[in-house]
Amino acid sequence: MSKPWIASALFRNMVISPLFVAASLLTSAYAHSVPPTYANFSACATIPSFFSCENTEPVVNTCCTPTQGLVLATQFWSTWTGLEREHQLLPKNSWTIHGLWPDNCDGSFEQYCDLSRQYDPKPSPAAFPNGTVIPAWTGPTIDTVIENFGRSDLLDFMNKYWINQKDPNTYLWAHEFSKHATCTSTFDTTCYGGSYKKDQEVIDYFDATIRAYHQYPTYNLLAAFGIVPSNKTTYTLSQFQNAVKSQIGVVPYFGCSTNGTVLTEVWYFSHVYGTEQYGAYKTLDSTSTSSCSSTASIWYYERTPRSEREVRNF
């Protein structure tokens with residue numbers, strides 16, 4: 001016969017054990033929490049704010065306003081990837097991310113501004129105008145940075161909507177950060193203060209690029225006007241421009257290949273109030289002349305069926 005005090009102790013253990021399990025899980029959750037990557041913009045609260053490129057006085061703090069203040073959110077319309085066998089596929093019914101580019105207010109631009117943050121395995125251009133070679137990155141691929149910060153959600157989204165051609169997606173991501181983000185003053189490492197963790201601005205740049213991408217759902221903007229990919233029907237440049245302008249109030253840059261007859265990309269121009277990371281984007285008319293023909297018919301081709309997949313959740 002079991003002793004009463006033993007049965008009582010066993011009962012207490014049965015009741016308390018779930019509490020210990022819950023506490024253990026909670027502790028584990030905190031231990032594996034995603035580290036913050038936001039910059040330290042506290043100094044920006046004490047100085048005037050304005051839209052980039054619209055200031056009448058010099059920028060006091062380049063962490064608070066991008067000095068390269070003409071910002072382009074760019075997208076691709078690709079019909080294949082070249083890596084279909086590796087399951088690198090395009091998202092169905094969606095354009096894909098190209099990047100977030102900082103131009104100077106006059107439309108000129110710099111590139112690869114900080115070679116200590118050069119992660120591009122295939123720099124393009126391969127050298128600066130003065131002949132200085134831009135060294136190709138040979139270290140770990142940039143997705144390891146995302147993984148190190150615990151951002152599996154970010155990596156999942158990028159593998160769905162930020163798709164490369166001919167090379168792995170990571171090559172495009174590293175190219176966009178190294179060529180463009182390093183020339184954006186609000187992504188300078190000094191803007192992150194004394195608690196800066198190496199590469200946290202990489203995460204911020206990817207997040208900011210995706211935030212800008214969400215502002216311009218190009219596929220739906222066009223489809224709402226009956227403009228959908230087709231291998232039988234062509235469109236005119238004015239059809240693309242008028243459809244988008246009716247929804248966002250401006251005309252973006254449409255890019256075409258094959259003598260201006262095959263639609264391949266779109267650029268949305270903006271000035272930014274505050275920082276590229278978190279500020280408000282004021283969309284502007286394109287400052288670049290479209291490379292699409294203004295007179296010839298333009299193809300907006302369907303994708304190769306095996307080159308795309310459904311990435312939206314049912």
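Me: What covers the buried residues of H4?

Reply: The cover includes strand E1 (70–76), strand E3 (96–103), helix H2 (143–148), helix H3 (152–161) and helix H5 (200–215). This is a predicted model, where local features need pLDDT of at least 70, side-chain atom pairs count only at pLDDT 80 or more, and totals for chains, interfaces and linings use all residues. Residues are numbered from 1 along each chain as its sequence is written, and side-chain values use heavy atoms, with hydrogens and water left out.

Me: Why is H4 called largely enclosed?

Reply: Buried means under 20% relative accessible area, exposed means over 50%, and partly exposed lies in between (1.4 Å probe, protein chains only). In H4, 11 of the 12 residues are buried, so the rest of the structure largely encloses this helix. Among them are Trp173, His175, Glu176, Phe177 and Lys179. Across the chain, 45% of the 314 residues count as buried.

Me: What makes a stretch count as a helix or a strand?

Reply: Both are DSSP runs, numbered from the N terminus: helices are H or I with at least four residues, strands are E with at least two. By that rule the chain has 7 helices and 9 strands.

Me: Why is the pair of Asp188 and Arg117 called a salt bridge?

Reply: Side chains of opposite charge can pair when their charged atoms come close. A salt bridge needs a side-chain nitrogen of Lys or Arg within 4 Å of a carboxyl oxygen of Asp or Glu. For Asp188 and Arg117, the closest N and O atoms are 3.9 Å apart, so the pair qualifies. The pair links distant parts of the chain: Asp188 is in the loop between H4 and H5, Arg117 in the loop between E3 and H2, 71 residues apart.

Me: Are these two partners, Asp188 and Arg117, buried or partly exposed?

Reply: Asp188 has 25% relative accessibility, so Asp188 counts as partly exposed. Arg117 has 6%, so Arg117 counts as buried.

Me: How many salt bridges are there, and what is the distance for Arg312 and Glu310?

Reply: The structure holds 11 salt bridges. Arg312 and Glu310 have their closest N and O atoms 2.7 Å apart. Arg312, at 41% relative accessibility, counts as partly exposed. Glu310 is partly exposed too, with 33%. Elsewhere, salt bridges that share partners join Asp114, Arg117, Asp188 and Glu201 into one network.

Me: What about Arg303 and Glu308?

Reply: This salt bridge has its closest N and O atoms 3.5 Å apart. Arg303 has a relative accessible area of 7%, so Arg303 is buried. Glu308 has 24%, so Glu308 is partly exposed.

Me: What makes a space a cavity?

Reply: On a 1 Å grid over the protein atoms alone, a cavity is a set of points where a 1.4 Å probe fits but cannot get out. Lining residues have an atom within 4 Å of a point. The structure holds 1 cavity of 30 Å³ or more. Its lining includes Ala73, Ile97 and Tyr213. E1, E3 and H5 each supply at least two lining residues.

How values were computed. Contact means heavy atoms within 4.5 Å. On a 1 Å grid over the protein atoms alone, a cavity is a set of points where a 1.4 Å probe fits but cannot get out, and a pocket is an open set with protein on both sides within 12 Å along at least five of seven lines; lining residues have an atom within 4 Å of a point. Grid points are joined across faces, edges and corners, and a volume is the space filled by probe spheres set on the points.
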